[in-house]
Number of protein chains: 2
Amino acid sequence: MQNTLETIKNIYPLKEQHLNLLLQELSVVELPKNHLIIKADKVERSLYFIETGVARAYVDGRDNRITFWFGMEGDIILSYHSYVNNKPGYESIELLEDCLLYELKTEALEQLYNTHTELANWGRKLAELILIKTEESYIGRLFKPAKERYIDLLQTDPLLIQRIPLGHIASYLGVTQVTLSRIRAEVR
Amino acid sequence: MQNTLETIKNIYPLKEQHLNLLLQELSVVELPKNHLIIKADKVERSLYFIETGVARAYVDGRDNRITFWFGMEGDIILSYHSYVNNKPGYESIELLEDCLLYELKTEALEQLYNTHTELANWGRKLAELILIKTEESYIGRLFKPAKERYIDLLQTDPLLIQRIPLGHIASYLGVTQVTLSRIRAEVR
DNA sequence: TTCATTTTTTAACATTTGTAAAAAGACGCC
DNA sequence: GGCGTCTTTTTACAAATGTTAAAAAATGAA
């Protein structure tokens, strides 16, 4: 569980004692490619650390399906919207490869938050870190055209593009696959 | 401080004792329209509760300036990017009206987080709530065309549109002011 | 009120992106 | 290897949005 352990430790430094409380709640899960691990319109009661594999989150519009997040080793699968409100979320998360995951039930997590200041701060930091990542995607998307964002993606996550169908990447960049093809023809 | 008090209480229920610890750290600030309260590329050391007034956050691109957030009574002005990383942020926040604000120094807040589980959980909830709001804007923006988002805005914040120049709203919706004008002509 | 300034709308044209459909390429499976 | 399926690219055309500039409307100060 190398990747998951690193992820947990990097969020907020924890004493051995508190780290173990968290680790005790994890259980390993193996799931195949194409499995739908988070379902829109359903209340979710777990989060998952990605030990190996790739996933994407998407929302369905009236006549389109838009990918807005990719996760890989070291990332966390979590519908915050569902978790925070304890209500159905609007996004679905689908595995794009066979995945090895560590599951953590949100109820257990909530319990830890209420009883240990250190873990409450770990949870705060987790939310803060995801928040600034979300803000960054949001803002990056606001003022960079798709072509630039594609080039950024090539540089920051060159491996991702190898592992994910272009249709999903086009959706992530906010253009049609035809337009992404045109961009790729230009950049090449 | 009616609005600010409500805001604080609504984030996470606090006992009188912990609420007071937080309130003790607030100080009132009055600032005029057009004041730049958060500056891009500067490390920020405070957050502000908006008691009265309106503000907007924007980022500067190479040849454009994009508004991505509006705040009014009950909202919080905070550069999470700067606060979490303790590094300069990329956004600026400008007051669009004369404002009455309550300032809270992040250093004092950090201190409270480290010493009180309840306040750490308040801080967690704060980050979580802002996160899901950010996610909602992000996702809403992804799959709704500007026209729909304008109609949404009309319904959810009819007052906002009265208080804010259309140029900022166009920027917020991700279109030029000319396009927003066309949308308004259609909707009317 | 009147004038100057700012904000909003309208117009004409250029550019970008989308749509639909077909062609080309990649891949696994028997 | 050959077949079918899925992914990616290309093409022609349509639709939406941007750019630039000017006109109209609203706002604020003297």
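Predicted model: local features only at pLDDT ≥ 70, side-chain atom pairs only at ≥ 80, totals over all residues.

Residues are numbered from 1 along each chain as its sequence is written, chains are lettered from A and ligands numbered from 1 in the order written, and side-chain values use heavy atoms, leaving out hydrogens and water.

**The annotated domain**

Select residues 10-112 of chain A, where an unreviewed UniProt entry places the feature "domain: Cyclic nucleotide-binding". UniProt positions follow the numbering used here, feature names are shortened, and annotations may be inferred rather than shown by experiment. This stretch is 22% helix and 40% strand, and its end C-alpha atoms sit 18 Å apart. Helices (H or I, at least four residues) and strands (E, at least two) are DSSP runs, numbered from the N terminus.

**Between the chains**

Now show both chains. How much area is buried between chain A and chain B? About 3,800 Å², with carbon and sulfur atoms giving 65% of that; buried area is the accessible area (1.4 Å probe) that two parts lose on being put together, summed over both. On the chain A side, A:Arg124, A:Leu131 and A:Tyr138 lose the most area to chain B, together 18% of what that side buries.

Two salt bridges run between the chains, a salt bridge being a side-chain nitrogen of Lys or Arg within 4 Å of a carboxyl oxygen of Asp or Glu. Zoom in on A:Arg124 and B:Glu110, which form a salt bridge with their closest N and O atoms 3.5 Å apart.

**Aromatic pairs**

Rings of Phe, Tyr and Trp (its six-membered ring) pair if their centres lie within 6.5 Å; planes under 30 degrees apart count as stacked, over 60 as edge-to-face and the rest as tilted. Pick A:Tyr80 and A:Tyr83: the centres are 5.8 Å apart and the planes at 65°, so this pair is edge-to-face. The two sit three residues apart in helix H3 (residues 80-85) of chain A, about one helical turn.

Hop to chain B for B:Phe70 and B:Tyr172, a tilted pair at 5.0 Å centre to centre and 45° between the planes. This one links distant parts of the chain, 102 residues apart: B:Phe70 is in strand S5 (residues 65-71) and B:Tyr172 in helix H8 (residues 166-173) of chain B. B:Phe70 and B:Tyr172 are both buried. Then select A:Phe68, A:Tyr138, B:Phe68 and B:Tyr138, which ring pairs link into a cluster.

**Last clicks**

In helix H8 (residues 166-173) of chain A, find A:Ser171. A:Ser171 is buried at 14% relative accessible area, and beyond its neighbours within four places in sequence it contacts A:Arg65, A:Ile66, A:Thr67 and A:Arg141.

Finish on the backbone. Most residues other than glycine have a negative phi. A:Asp41, though not a glycine, has a positive phi of about 65°; look for A:Asp41 in the loop between strand S2 (36-38) and strand S3 (46-52) of chain A, exposed at 63% relative accessibility.

Technical notes: Buried < 20%, exposed > 50% of the residue type's maximum accessible area, 1.4 Å probe, protein only. Contact = heavy atoms within 4.5 Å.
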